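I opened a new notebook page for this protein.

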Amino acid sequence: MKKYFILFAATASVAVFSCNSEPKNEPGEGREATTDSSKVKLADNDAFNDTLNGKMVSIFYLRNNGIEASITNYGGRVVNLFVPDKDNNMVDVVIGPGNYKDMYETKDYFGATIGRYGNRIGKGKFKLDGVEYILPQNNGANTLHGGPDGFHNVVFDPKQLSDSSLQLTYLSKDGEMGFPGNLNVKVVYTLTANKEVKIEYEATTDKTTVCNLTNHTYFNLNGAGTINNHVLQVNADEYTPVDSTLIPFGKNEPVKGTPFDFTTPTAIGARVDEKNTQLEYGKGYDHNFVIKGSGFRKAAEIKGDQSGILMEVWSEEPGLQFYGGNFMKSEKPMKNGTKDDYRTAFCLETQHYPDSPNIPSFPSTTLKPGQVYKTFTVYRFSK
């Protein structure tokens, strides 16, 4: 499965979850709802007034129909996302640092645009056209999320398109983090009138390369506390088992009869501590799920047990990485004086499969000159 020259339109006749209509593909023109500013505390502009490698770090504010967000061009990171809960209280559903200094010093992935390659590449190397490319290893023997100075640690060139939309561009030069080709990347964040966060990705290259872009926002739909009681449903009958370094074996396996079966709504913590080799390897959930169907379709939905906020994930991608905050250790500074406490956030990352450049049976992530990498993801909120 490749994702080049894809039109931003939903495919028909894809059987996914019932009860909810498909999100609109373009931002609506509906009247913007008024939000009580006392309930919304977006990141301070002064906390992002800095420079890195001669480029200005800034923060940008988006709003539409009662939801608000702040996004920084450092790493293309979502810093805040306020949505209404069942009682119409505004909840910041994004977990992460609240200023540039903490983001830069932790060098973690909170809220970030990930590239050139989301997830892991085994042993930090791959071959294209008979040429072996060596990447920096930053996750044991593997390369994770594009390497230590992947897109999460660069400054994008920003352009605010409207009150509800932000464009970020970046030229990843040939050889950056070991990857071949000059890769021109464009990411557009839009808050739609449907209470959605729409993320559009586009890239071109002048040399054959690999490309697998995603977003690494950490969510907690209650705003704080454990995520174990969030109820998750994933549109996947299979997942990709991994070895002890979290690299797939190359063969998908059924979720039925395993703790990875989220085909019906299930609390995240219901089976996370069961005796299971795959859970032991990931210290919980940190696995790719094989999303049923093709084209633009619902990949997952998850509900906050306290807030009543429902988040749907819609995507064109073949996979979805579900990470349950298993490596959070209360060591890194987060917003509002908090720390990254164990399992207080989850990620649902739309993607191609981990280590695809080394596993020919997986959907290809190869991008060639003349092709346009284009895909988009929608996070839709309701209550």
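I looked up Lys127 and found that its bridge partner in β11 is Glu132. Helices (H or I, at least four residues) and strands (E, at least two) are DSSP runs, numbered from the N terminus. Two strands pair if DSSP finds at least two bridges between them. β10 (residues 125-128) and β11 (residues 131-134) pair in the antiparallel sense, over 4 bridges. They form a hairpin with 2 residues between them. In that turn, Asp129 has a positive phi of about 50°.

I noted the ground rules. The model is predicted, residues are numbered from 1 along each chain as its sequence is written, and side-chain values use heavy atoms, with hydrogens and water left out. Local features need pLDDT of at least 70, side-chain atom pairs count only at pLDDT 80 or more, and totals for chains, interfaces and linings use all residues.

Next I checked confidence. pLDDT is the predictor's confidence in each residue, from 0 to 100. The protein averages 92, and 90% of the residues score at least 70. Residues 1-21 stay under 50. For residues 1-21 the model has 62 contacts (heavy atoms within 4.5 Å) beyond four places in sequence.

Then I traced an open sheet of 9 strands with antiparallel pairing. Its order is β13-β14-β15-β16-β30-β26-β25-β20-β23.

I searched for cavities on a 1 Å grid over the protein atoms alone: a cavity is a set of points where a 1.4 Å probe fits but cannot get out. A pocket is an open set with protein on both sides within 12 Å along at least five of seven lines, and lining residues have an atom within 4 Å of a point. Grid points are joined across faces, edges and corners, and a volume is the space filled by probe spheres set on the points.

There are 3 cavities of 30 Å³ or more. The largest cavity holds about 70 Å³. Its lining includes Ile71, Leu81, Asn215 and Phe381. β30 (373-382) is one of the strands that supply at least two lining residues.

The largest pocket has a volume of about 610 Å³. Of its 32 lining residues, the closest to its centre are Asp108, Tyr109, Asn139, Leu144 and Phe327.
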